[in-house]
Amino acid sequence: MSSIDQTTTAHVHRDDVGSRMGMWLFLFTELILFGGMFLIYSVYRFQFPDAFHLAAKELNIVLGTFNTAVLLTSSMTMALSIVAIQRDQKTLSMVLQLITILLAIFFLVNKYFEWSVKFHHGIYPGSEELLSKDSGEILFFGLYYVMTGLHGVHVIVGIFLIAIMTRMTRKDIITKDSYVRLENAGLYWHLVDIIWIFLFPLFYLIT
Amino acid sequence: MEKHDNYNEHSHGYGIYILVWLALMALTAVTVAVAGMNIGRFTVATALVIAAVKAYLVLTIFMHLRSEKKTFSVFVFVALLFLGISFVLLFSDYSFY
């Protein structure tokens, strides 16, 4: 009896590969979520190519490109934070995670200004200005707000997720020997990056 | 404690990530530059090819698929394959409207 107790306390149940696989399976559901929206986008773009081109002129390419660079950089700092924790550089890992969070907030601030300008011009879902436009343009802006909006929600979730990871790193829950949580948060963050990689050319670069 | 073995294959240096980041930034610049040119119907194709290359880099290097067990890559491939099938079936219908 006592020998069983000893083995159960001594053996730590851990399966990092399984943990990452679980994260990937979750990411596949995200792929279906966004994939469905890309399907809708492709059909409507196929039906209203001219309206989509015209509507895309309203978007700010400079701001979009800048935000792409911000998100790509945040993805790199996230990946680097894992290398840092692998090398037992706790402080560096935390700094890199915090930079990732700051870049993510910066992305959202840019997004806020971008949307504000559009709202100011009267272009928001259901507005008179928008409804007076061609149906293809209404669809473009509908998709624009839903897809970049849902992506924005993912960025917000990512910020909280990485913040929790930073706290865990500080409390030595995430360490050189146990950092699968940080890896999974990283996987989520990179997926958010990949979605933006496709959103950017499809909305900003079709003029 | 044999679980720790799989960490070794994971640890790249800092260098590769910075290199991939530079490649991603360069590809972003290329895709913006190409969009500025007028190459007609190839615009969408070029943008999507560049986006796919960027996504590939993120998947293999940032998301560690290259050093992960092969099962992961197979799973991702199958997931993308089915998304691809959805697009093909959808447009096999819509293209003839």
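What do the buried residues of helix 2 of chain B pack against? In this predicted model, they pack against helix 4 and helix 8 of chain A, together with helix 3 of chain B. The views below start from there.

**View 1. Helix 2 of chain B and its buried residues.** Here's the helix from the opening question. Tyr17(B), Val20(B), Trp21(B), Leu24(B), Thr28(B), Thr31(B), Val32(B) and Ala35(B) are the ones that come out buried. As for helix length, 23 residues at 1.5 Å a residue should span 33 Å, and the end C-alpha atoms of helix 2 of chain B sit 34 Å apart, which agrees.

**View 2. Helix 3 of chain B, with its buried and exposed residues.** Buried here are Ala47(B), Ile50(B), Ala51(B), Lys54(B), Ala55(B), Val58(B), Ile61(B) and Phe62(B). They cover an arc of only 160 degrees around the axis, so they end up on the same side of helix 3 of chain B. Why would a spacing of three or four places do that? An α-helix has 3.6 residues a turn, so residues three or four places apart point the same way. Over on the other side of helix 3 of chain B, Phe42(B), Ala45(B), Ala52(B) and Tyr56(B) are exposed.

**View 3. What helix 3 of chain B packs against, and how it ends.** The partners of its buried residues are helix 4 (61-86) and helix 8 (180-204) of chain A, plus helix 2 (14-36) of chain B. Helix 3 of chain B runs over residues 42-62, and those 21 residues should span 30 Å at 1.5 Å a residue; the end C-alpha atoms are 29 Å apart, which agrees. Keep an eye on His64(B), just after this helix: its phi is positive, at about 65 degrees.

**View 4. Where chain A touches chain B.** The contact draws on 33 residues from chain A and 32 residues from chain B. On the chain A side, the elements giving two or more residues are helix 2 (16-47), helix 4 and helix 8. Helix 4 of chain A gives the most, with 12 residues. By type, the chain A side splits into 21 nonpolar, eight polar and four charged residues. For the complex, the predictor reports an ipTM of 0.89 and a pTM of 0.90.

**View 5. Leu191(A) in helix 8 of chain A.** Is Leu191(A) buried or exposed? It counts as buried, because it has 25 C-beta neighbours inside 10 Å, against a cut-off of 20 or more. Setting aside its neighbours within four places in sequence, Leu191(A) is in contact with Leu27(A) and Glu30(A). Phe26(A) is 165 residues away from Leu191(A) along the chain, yet their C-alpha atoms are separated by 11 Å.

View 6. Buried residues make up 36% of chain A. Among its contacts with a separation of 6 or more, 78% join residues 24 or more positions apart.

**View 7. Residues 1-9 of chain B, where pLDDT stays under 50.** The model has seven contacts beyond four places in sequence for this stretch. Chain B as a whole averages a pLDDT of 86, with 87% of the residues scoring at least 70.

How values were computed: Residues are numbered from 1 along each chain as its sequence is written. Chains are lettered from A and ligands numbered from 1 in the order in which they are written. This is a predicted model: local features need pLDDT of at least 70, side-chain atom pairs count only at pLDDT 80 or more; totals for chains, interfaces and linings use all residues. Helices (H or I, at least four residues) and strands (E, at least two) are DSSP runs, numbered from the N terminus. The expected span of a helix is 1.5 Å times one less than its number of residues. A residue is buried if 20 or more other C-beta atoms lie within 10 Å of its own, exposed if 12 or fewer, and partly exposed in between; C-beta atoms are placed from the backbone. The arc is that of the directions from the helix axis to the C-beta atoms. Two residues are in contact if their C-beta atoms, placed from the backbone, lie within 7 Å. Ala, Val, Leu, Ile, Met, Phe, Trp, Tyr, Cys and Pro count as nonpolar, Asp, Glu, Lys and Arg as charged, and the others, Gly among them, as polar. pLDDT is the predictor's confidence in each residue, from 0 to 100.
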